[in-house]
Amino acid sequence: MLLLIKNANVYAPESLGMRDLLIGGGRILAIEEYIAPNSYVQQRWDAQGKILTPGLIDQHMHILGAGGTRGFASMTPEVQLSELIACGTTTVVGLLGTDGSTRSIKSLYAKTKSLEMEGLSAYMLTSYFGIDPVTITHSIQEDMIFIDKVIGCKVAISDIRSSYPSDRELLRHLQQVRVGGQIASKKGILHIHLGILESRMDILFRLVQEHHFPIEHISPTHVGRTEALFEQSLEFAKLGGMIDITTGASQYTKPWKSVMYALKQGIPLDRMTFSSDGNTGLSRFDEAGNRIGFRQAPIDQNLAEVISLIQEGGLSISQAFSLITSNPAKNLGLPNKGRIVPGADADLCCFTDQWELTDVFAKGQHMMADRRIIVKGSFE
């Protein structure tokens with residue numbers, strides 16, 4: 001089925017101006033100043049001059065649920081399809097957190113596949129916090145090769161809950177991710193959770209500078225937890241690494257301000273990404289600081305922080321949206337994601353000039369229409 005989108009103010013994420021788009025087979029077939037309707041076009045949709053961006057990519061979300069560090073009752077539930085559509089997320093990467101026991105890696109795969117069946121693009125990272133890998137097959141490398149949805153591996157460092165991995169142990173993980181990726185035609189990343197211990201990112205610098213491992217396969221996240229950690233992450237970015245700033249959980253300052261500071265320090269924008277850490281379990285406190293319950297980390301803050309970069313930071317739409325479109329696509333090695341170009345997947349978000357999200361397309365399917373979610377999950 002062919003869909004013709006008319007009169008869209010396209011940011012691909014670079015500005016293309018007013019354009020028409022022809023969509024078919026879940027892909028963008030053509031982008032022109034004018035595309036004439038014909039008998040082969042079954043559907044036509046008028047964007048009415050609204051802003052059209054690529055669908056948003058969240059490369060770090062607990063889609064299966066997380067938490068549990070305060071007992072079984074603190075475990076968060078699964079993310080629902082409509083929650084993702086409501087914030088414009090059309091591509092999501094699911095992962096496990098601290099818990100690799102009650103949260104099964106096979107269940108994560110099943111949730112990833114279910115979101116794909118419901119209409120989104122979903123991928124996953126194998127393993128969890130610990131250095132002893134939790135995998136679907138016999139190894140990280142085999143997961144990379146034989147499991148279609150696996151595009152990398154997760155591990156934690158500099159966190160009291162981590163396994164305190166050695167250089168050699170991380171290098172073995174990296175080797176399996178890289179070689180498995182080469183065999184399966186995937187980029188392959190080791191996505192590294194950073195905690196607040198004083199060791200910070202020291203081991204990552206040794207991997208690159210002493211052991212000479214290619215930096216593009218090392219993907220540190222939560223770099224904005226503390227000021228000292230963020231300053232060190234800027235040095236990592238200067239070496240050519242990509243740094244991921246979390247928007248939905250604790251940061252020492254607002255994520256958009258971290259981006260503005262990094263730019264002033266000479267860090268190229270294309271070495272930064274946002275991700276939500278959405279749906280992880282967080283504590284709720286009363287005014288006296290007493291824990292009174294739990295809450296889920298929001299999944300919609302990537303978009304909120306990008307809008308702040310435009311409205312408060314003065315970045316262009318193209319610059320700001322690259323943090324949640326083309327940059328994460330590059331980091332994850334997803335060439336058909338994060339851009340509005342012929343041949344790319346037809347993942348699109350439509351906004352008013354006041355940044356109200358009105359329409360969402362995922363692989364060419366209209367998921368939100370005129371502010372109303374029209375495609376919901378199987379059990380919603």
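Two strands pair if DSSP finds at least two bridges between them, and the strands themselves, like the helices, are DSSP runs numbered from the N terminus, with at least two residues (E) for a strand and at least four (H or I) for a helix. Before I use those terms, please keep in mind that this is a predicted model, in which local features need pLDDT of at least 70 and side-chain atom pairs count only at pLDDT 80 or more, while totals for chains, interfaces and linings use all residues. Residues are numbered from 1 along each chain as its sequence is written, and side-chain values use heavy atoms, with hydrogens and water left out.

The peptide bond leading from Ala 12 into Pro 13 is cis, with omega near 15°.

Strand 2 also pairs with strand 3, residues 27-32, in the antiparallel sense, here over five bridges. Gly 24, which belongs to strand 2, has Arg 27 in strand 3 as its bridge partner. This second hairpin has two residues between its strands, and Gly 25 takes a positive phi near 60° there.

I would like to stay with Gly 24 for a moment. Is Gly 24 buried or exposed? Gly 24 counts as buried at 10% relative accessibility, where buried means under 20% relative accessible area, exposed means over 50%, and partly exposed lies in between, using a 1.4 Å probe and protein chains only. If we set aside residues up to four places away in sequence, Gly 24 touches Met 1, Leu 2 and Leu 29, a contact being heavy atoms within 4.5 Å. Gly 24 and Gly 364 are 340 residues apart in sequence, yet their C-alpha atoms are 7.1 Å apart in space.

Ser 185 has a phi near 60°, and it is found in the loop between helix 4 (167-184) and strand 10 (189-194); with a relative accessible area of 70%, Ser 185 is exposed. Lys 363, with a phi of about 50°, is placed in the loop between strand 17 (357-362) and strand 18 (365-369), and Lys 363 is partly exposed at 27%.

Helix 8, residues 301-311, is mostly covered, since eight of its eleven residues are buried. Among them are Leu 303, Val 306, Ile 307 and Leu 309, and also Glu 305. Which elements cover these buried residues of helix 8? They include helix 7 (255-264) and helix 9 (317-322), together with strand 6 (56-61), strand 13 (272-275) and strand 16 (348-351).

Finally, the rings. The structure holds seven aromatic pairs, where rings of Phe, Tyr and Trp (its six-membered ring) pair if their centres lie within 6.5 Å, and planes under 30 degrees apart count as stacked, over 60 as edge-to-face and the rest as tilted. Phe 230, Tyr 252 and Tyr 261 form one aromatic cluster. As for charges over rings, which require NZ of Lys or CZ of Arg within 6 Å of the ring centre and within 35 degrees of the ring normal, Lys 149 lies over the face of Tyr 123 at 4.7 Å from the ring centre, and the charged end of Arg 178 sits over the ring of Phe 213, 5.8 Å from its centre.
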